[in-house]
Amino acid sequence: MKELLISTGCLETRVALLEDGRAAEFYVERPGQASLVGNIYKGRVENVLAGMEAAFVDIGLERNGFLYKDDVSRPEVKTDRGKKITELLQGGKEVLVQVVRDAMGSKGPRLTTQVGIAGRYSVYLPGTSSSGVSRRLAGPERERLRTVCKELDDVGGGVIIRTAAEGADAQAITRDLRFLQKVWGRVEREAAASRAPALVYAEGDLALRSARDVLGAEFGAVIVDDREVRRRLVNYLRAVAPELASRVRLYESGVPLFEKYELESQLKKTLSRRVELPSGGYIVIDHTEAMTVIDVNTGRYVGRRMLEETIVKTNVEACREIVRQLRLRDIGGIIVIDFIDMSVRTNQEAVLKSLESELQQDRTKTYVVEISPLGLVEMTRQNTSKGLLEVVTTPCPHCKGLGRVYSEESALIEVERRLRSLAASTNALGLRVEVHPRIAYRLAEGPDPLLGCVEEETGLRFFVVAAVGAVPLEHVAVVPD
């Protein structure tokens, strides 16, 4: 049984998807940091880069959006295949675009002109006539929904039937589509009345998106701790999925919702590099700008029989936990998994099959490559917005995101060099310098004090002061007397 928990506070909204009482997915949204994916803007082309076959579009944000050639389509032209970006767009042109990926790092949001309005069971594509059904659905159900899709009347555009439509009848899908058509009508009117750059359609907030995209017949309840949020969810579900509206319940206990379900500790564990496996093995998750790397280790698990058997069991356990962590942390982009080396080819295939089987539980689109000769599995997971780590953390001010800082010995050597450099650049007889408390002790009173040696060799007197508050080990600052 699944449950959806939605907790709303002054500073953030949190959503947790529970599967059999255990957290499977976490999402956090804060004011000013909400995802822009799905938003539609009337933008203005700033510049067209012929060499990159792309354009930058001003949509009224701090950074311009990035529009690649393949994401440009014009309703009045049957096909733009083979055309260059300079033939499709010109500087100063107004264009209706939708965000498909949030800004990440130094990159602005990625855009498309192939606008779509997502609903409960379908996605309405006003700029095209093509239709289709989610590939995640099984054969017979997919064929049934294809038939339903063909029988829809007065579509006025394209339609994609979503995975959530599994089991839904033609009436429910038609009701959902009519709702989206009304939304698109409002978007068109807003776009016509607006001057670029302008937001003409904003996706729902995290609570509404979660109910729309996650909620299904297998859910026992949606538990919400805010009366207004519950009201909005019930109203939305009554419009698109009336049979689910009664499952939205208001939580009114004095104990915070996430504490009641013991989710606070689970949320903090998702920030850890190391994750333990049931048998005693563990995985280590490291993030880089280019990719996420996951290492599998046997740890204290030594098995009972052969080494190969121990390795295979650990790798299979790791598959289950890796997929769970990908979902919990919402990790996207390129992912490389370093499984423990297996000498038997059939065992490698069994582990890969186990990973692919676990990924069937993941709603996010993934692609897995077979195990390489080095025992690595390369995969991608659709990356549209910031993961949990980026939302709730910030790079360390001391290590700048490196994850490591100077050792005390290295910091002591660095400080000594800087003291000598200060001495060479001043005509003063003495300087008052502030350093880290541990370095201050090592300079003046440690087992091998360096201060006297530096003063004797430079001819300058140093008055060392221990810094108050958090400073890097190598911190050195000249302070006035």
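This note describes the structure above in numbered points, from the whole chain to single residues.

1. Basis of the note. The structure is a predicted model, in which local features need pLDDT of at least 70 and side-chain atom pairs count only at pLDDT 80 or more, while totals for chains, interfaces and linings use all residues. Residues are numbered from 1 along each chain as its sequence is written, and side-chain values use heavy atoms, with hydrogens and water left out.

2. The chain as a whole. The chain holds 13 helices and 24 strands; these are DSSP runs numbered from the N terminus, with helices (H or I) of at least four residues and strands (E) of at least two. Along the principal axes, the C-alpha atoms fill a box of roughly 90 × 70 × 55 Å. Of the 481 residues in the chain, 44% are buried. Here buried means under 20% relative accessible area, exposed means over 50%, and partly exposed lies in between, with a 1.4 Å probe and protein chains only.

3. Among contacts with a separation of 6 or more, 66% are accounted for by residues 24 or more positions apart, a contact being heavy atoms within 4.5 Å. The accessible surface comes to about 26,100 Å², and 50% of this surface belongs to carbon and sulfur atoms. Accessible areas come from the Shrake-Rupley method with a 1.4 Å probe, and for residues only the protein chains shown count as cover. The chain has 68 positive and 69 negative charges, whose mean positions are 5 Å apart. Lys and Arg count as positive and Asp and Glu as negative, without His and the chain ends; each charge is placed at NZ of Lys, CZ of Arg, CG of Asp or CD of Glu.

4. A sheet of 4 strands. An open sheet with mixed pairing has the strand order S9-S10-S12-S11, where two strands pair if DSSP finds at least two bridges between them. Strands S9 (117–118) and S11 (131–133) each have a single partner strand and stand at the edges, so one side of each has no neighbour in the sheet. Strand S10 (residues 122–125) pairs with S12 in the antiparallel sense over 4 bridges, and leucine 125 stands opposite glycine 158 in S12.

5. Helices on this sheet. Helix H2 packs on the sheet and touches S11 and S12, with its direction at about 155 degrees to that of S11. Helix H3 (residues 170–193) also packs on the sheet, touching S9, S10 and S12, and its direction makes about 40 degrees with that of S10. For these angles, axes are lines fitted to C-alpha atoms, for helices over the stretch in contact, and angles run from 0 to 180 degrees between N-to-C directions.

6. Strand S16 (residues 274–276) pairs antiparallel with strand S17 (residues 282–287) over 3 bridges, and arginine 274 has valine 284 as its bridge partner in S17. The hairpin of S16 and S17 has 5 residues between the strands, and glycine 280 takes a positive phi near 120 degrees there. S17 is joined by 6 bridges to strand S18 (residues 291–297), and the two run antiparallel. Valine 284 stands opposite aspartate 295 in S18. The hairpin from S17 to S18 passes through 3 residues.

7. Strand S21 and its partners. Strand S21 (residues 376–381) has a covered face of Val377, Met379 and Arg381 and an uncovered face of Leu376, Glu378 and Thr380. Strand S19 (residues 333–338) pairs antiparallel with S21 over 6 bridges, with valine 377 as the partner of isoleucine 337. Strand S20 (residues 366–368) runs antiparallel to S21 and is joined to S21 by 3 bridges; methionine 379 is the partner of valine 368.

8. Backbone points to inspect. The peptide bond from alanine 196 to proline 197 is cis, with omega near -5 degrees, and proline 197 is in the loop between H3 and strand S13 (198–201). Aspartate 20 is not a glycine, yet has a positive phi of about 55 degrees. Aspartate 20 lies in the loop between strand S2 (13–19) and strand S3 (22–29), and is exposed because its relative accessible area is 67%. Aspartate 330 likewise has a positive phi, near 50 degrees, and is found in the loop between helix H8 (307–329) and S19. Aspartate 330 is buried because its relative accessible area is 16%.

9. Aspartate 153. This residue is in the loop between helix H2 (139–150) and strand S12 (158–161). Aspartate 153 counts as exposed because its relative accessibility is 55%. The C-alpha atoms of aspartate 153 and leucine 460 are separated by 89 Å, the two residues being 307 apart along the chain.
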